Amino acid sequence: MDVERSSLCNCVVNFLLEEKYILTAFELLQELLDDGRDDHAIRLKEFFSDTSHFPPDQISRFNSLRVADPQSLLEEKEAMEEKLALTAYELRLAQEDISKLTELQKKSDLSLAELSESKSNLSVNLGPDILRQKKNASLTDLGPLKDNERRDLNCAVKEYLLLAGYRLAAMTFYEEVTDQNLDVWQNTPACVPDALRHYYYQYLSSTSEAAEEKIAMLRENESLLKANERLNNEKEKLLIAKDLSNNQISGLTKSLEAVQKDLKDRESQIQELKQSWECQRKEINDCRSEITSLKMHIEGSRSGMNMVASDVDDVQSQSLEKYKEEIKSLQMEIVGLKAKGAYASESIDNSTSEKESHQAEEKVVEIDEDKTIVSHPVDVVGVLGNGDVLPLSINETNKPEEVLENLLNSSDENAPIDNSVLVTKQNGQAPSEDGRLQQESDNLGDKAASENMASSSSSYRTLYSLPCGLRTIEILADALPKIVPYVLINHREELLPLMMCAIECHPDSGVRDSLTHTLFNLIKRPDEQQRRIIMDACVRLAKNVGEMRTETELLPQCWEQINHMYEERRLLVAQSCGELAEFVRPEICDSLILSIVQQLIEDSAIVVREAAAHNLSLLLPLFPNVDKYFKVEELMFHLVCDPSGVVVDTALKELLPAVIKWGNRLEHILRVLLSHILSSAQHCPPLSGVEGSMESHLRVLGERERWDIDVLLRMLVELLSSVHQKAVETCPLSSASESKDMMFSTSLLETYAREHAEWPAFDWMHVDCFPDLIQLACMLPQKEDNLRIRTTKFLLAVSEYFGDSYLVHIMLPLFLVSVGDNADLSFFPSVNHPRIKGLRPRTAVAERIATMCVLPLLLAGVLGAPSQHEQLANYLRGLLVDGTLKESQSTKHTAEIIDAVRFLCTFEKHHSIIFNILWEMVVSSNIDMKINAANLLKAIMPYIDAKVASTHVLPALITLGSDPNLNVKYASIEAFGAVAQHFKNDMIVDKIRVQMDAFLEDGSHEATIAVFTASPASVSDVKRRRERANAFCESIRALDATDLSANSVKEFLLPAIQNLLRDPDALDPVHKEALEIIMKERSGGTLEALSKAMGAHLGLASSVSSFFGDSGLLGKKEASEPVSPQPDSPKAVPPLQAEDTRFRRIMRGNFSEMLRGKTKGIDETNPSQ
């Protein structure tokens, strides 16, 4: 046993020293010495006493070492690093030497083994040493420890140290092994109990040959695995390279075939062009010869016509017949010549670039020859005119001038010849040669002016169909800029045909640009009809001139006018963007024209932004692709949130459908829309900075944010039809064969929840939209009724589109969970349950917010649907009647519930349900229910008319006022005051006066104060205000003479004086001075200090401050809350409820006269306000 223990200890010592666990080895040495096992610690003693490992001077230096400063440590560290680098280099050299010596030792060991077999007696004595040397040699050949071997040996050594009782060494071993958790030994073949002993027995029982063979097999196996992996990697790389090579070869082959085919085509094309060129050259030569013969023929005809003119009286009929025959033959020859010339010109235009210079030379020759031909018919006309032998009154068969005119018109349509030069003077005198050109231009101007005055459109067709020669166009282009300023504005559109003809036909691009500029600036500030005329002219011009000239001549004029000072001109630019876009290339539409529209969207004029939105919707179908989708979507949201309602309407009705149809990204629009809605509210500051309070979750909306949320909710309503259509079209369920009206039936919803089919278009509504709207509602304060109404309309529209089954099984459970009630979620897929259950409020603050913000949407938007009237009545009865009977209901969000019912009253169709439940509350025996009924009647007062107040409200209040309970009576008094404030009907006022007198006759001080605080407010007449201010001042001076408690002075007397002082016009100077003295005496300080101290208190609502304050009897209307810019808000926001606080002393006076008093000239207040 001692031998075994010694062997195991030696194994552990060897392992610790080889693996450099020096501290563990040192602790093991100490524990062996403590246990008296000096023989086991011999090697450790030798190791630690070795001066090569632990020099004495270094040890003594360490013992005497004092704490070094950081600088010296840094220097020593650098020196040690240099020394370590040198030592590492020397170590590497030493290891190489050791490896060589190990090989030599292995060979010597083998020779010793052979000698041991021959000498048995020697082997008996030296056998263990030789075996140990062999095993050491074989172990040395194993190389460094692998990670898994080191982990197993670490665990085995730790186990040995613990079993042997060397706990300090085991603890040190734990600290030194930092890269392994020694408490967790992975399940490997080496993991056995008492592992080190098993390793020892296994080592002793195995032969050296078997161990070496096994080690060799393991090494060979590892080398084979590595070689196999390397070969597989090389194989994959070769396969990839082969595929790439094949692809390159196939691509090169295809390109080579295409190049060869292209070369063949080009060679054949060159041959064809050469043949065509030769043919055209021959035809041109033929044409030249024909032109020369034609000149000679015309000269002969001219001399013949002179002879005819001299002998016309003798041989008129014979000459005319011959002349007609000659003219007809000339006409036929010229027609043939024109056909050949046109063919030659077309062939020359299609030839290659090598013949361009030659073709240009031929065209110049042809033009010069045409001009020569043109000059002769003018002379013929002059001869006919000078002869004066052919009167204009002869019939058509006897008019050689008309035959000659037809001849000239058919010979050259582009020659600068006008119809007027072919008509002789009616008085028998021909125009002179010098004045012929002037007469030509005059006749042209007279004729054009007369036709324009007759009809603009017919004039344009007539002028455009006539032969417009180059000189005519030049005369017209020069004259138009001089004529336009002197034409009346209302008649300038009559110049459009002439202007368009000149723009279209003039050869000079600079002149065309000038005329186009004149066209756009024809009228300084064109109205709608004039803009329509100008745009129609531009559209016709774009049709005629083509894409290239439209892009280079018309669009630059649009860009120049984009920053014009007059909005009418910028409006013309916006209209041109949409109407000229179809006459340009598609790539211009989504670049230049889109840039113009984008700049117009930022224009300051509302009509320009509206036109930009309209024309952007016309422009989208012409885009070549949807690459600019996100830019267009950004522009759309910018226009939807425009501060002008007209622009918003255009964007919602025209641009939004166009973007959906063009981009086909409804899901992205909906996602961005909900994000904008939430961010608009989240960017606003909280109502309170107190962390964790209910007001810290509510947001103070500015005018801009309120408007943005409103128009975005309108946009959500506009998108509802597209959402419903997309959900219907993408239904994946087999039962979707039902009609679209019954698409979302109960059976379909059951199948949807059971089959867990993916239906994102349908899931969006209740997974994304409704939770986001609930989140928005939880950020809106109570006064934001307009936004709640907008949200309610959206929910009602959803129930109309998706049906009653969707309303009952999807919408209603979702909103019930959101307000904290239980609901059936069986119609939702199980994957959506966590999302729906996450809407339930978890804290008391969250429950209060849900009651105040989400409950109104549940009542008006979900249960307010036409098919849910009975469910609405039952739910309201549960809230107001059954809930009040519970013990905790008196303290659970009663004010928030009353406010939710008040919001429901903004929809008149629910009044009957509410009043039925109110009567149940009024006749109930529960006191809290009666008080709630009075408070509810007070809250709904702004949303009812005088008839309902007289028939329903007053009887209920009279019933409550006669209740023996004082709290119920006081609550009814405040409700009476609310009725008196909203209605000035004599009958209603008389009923209230009688009831108030009855309250005063009771003699109760509290009732008197309640009557006083509930008196009607809002009197603007100075005289009446002074009378009432005097009465209040006398009452306050009387109160000052009594013994008031400090609390009454702070909460009632001082606020009342402060509110009276806020209206100096109504105060008598004597009373003002008396009130200031009372304030100084009662406050115990100066008036200024009192004002500062009372600031916070006056901010709180109280019955007195509400009576004297902004909306009170003496208060003046100061800065009010900004009104939300809602075009369709049905009701106004009611005033905030006042707290139930009163004076504790008698303030009784002429209440009846005060109640009946009405301001002169003030109309009855609208009950809806």
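Is Phe-15 buried or exposed, and what is its relative accessible area? Phe-15 is buried, with a relative accessible area of 8%, where buried means under 20%, exposed means over 50% and partly exposed lies in between, using a 1.4 Å probe and protein chains only. The model is predicted, so local features need pLDDT of at least 70 and side-chain atom pairs count only at pLDDT 80 or more, whereas totals for chains, interfaces and linings use all residues. Residues are numbered from 1 along each chain as its sequence is written, and side-chain values use heavy atoms, with hydrogens and water left out.

**View 1. Aromatic pairs, with Phe-15 and Tyr-21 as one example.** Rings of Phe, Tyr and Trp (its six-membered ring) pair if their centres lie within 6.5 Å, and planes under 30 degrees apart count as stacked, over 60 as edge-to-face and the rest as tilted. The count by this rule is 17 aromatic pairs. In one of them, the ring centres of Phe-15 and Tyr-21 are 6.1 Å apart and the planes stand at 55°, so this pair is tilted. Tyr-21 is buried, at 9% relative accessibility. Elsewhere, ring pairs join Tyr-752, Trp-759, Phe-762, Phe-802 and Tyr-806 into a cluster.

**View 2. The loop that holds Val-700.** Val-700 is placed between helix H25 (666-682) and helix H26 (703-729), the helices being DSSP runs of H or I with at least four residues, numbered from the N terminus. Val-700 is partly exposed, with a relative accessible area of 34%. Leaving aside residues up to four places away in sequence, Val-700 touches Cys-684, Pro-685, Pro-686 and Leu-687, where contact means heavy atoms within 4.5 Å. The C-alpha atoms of Val-700 and Glu-784 are separated by 9.7 Å, although these residues are 84 apart along the chain.

View 3. A salt bridge is a side-chain nitrogen of Lys or Arg within 4 Å of a carboxyl oxygen of Asp or Glu, and the structure holds 27 of them. Asp-262 and Arg-266 form one, with their closest N and O atoms 3.0 Å apart; because the two residues are four apart in helix H10 (residues 208-310), about one helical turn separates them.
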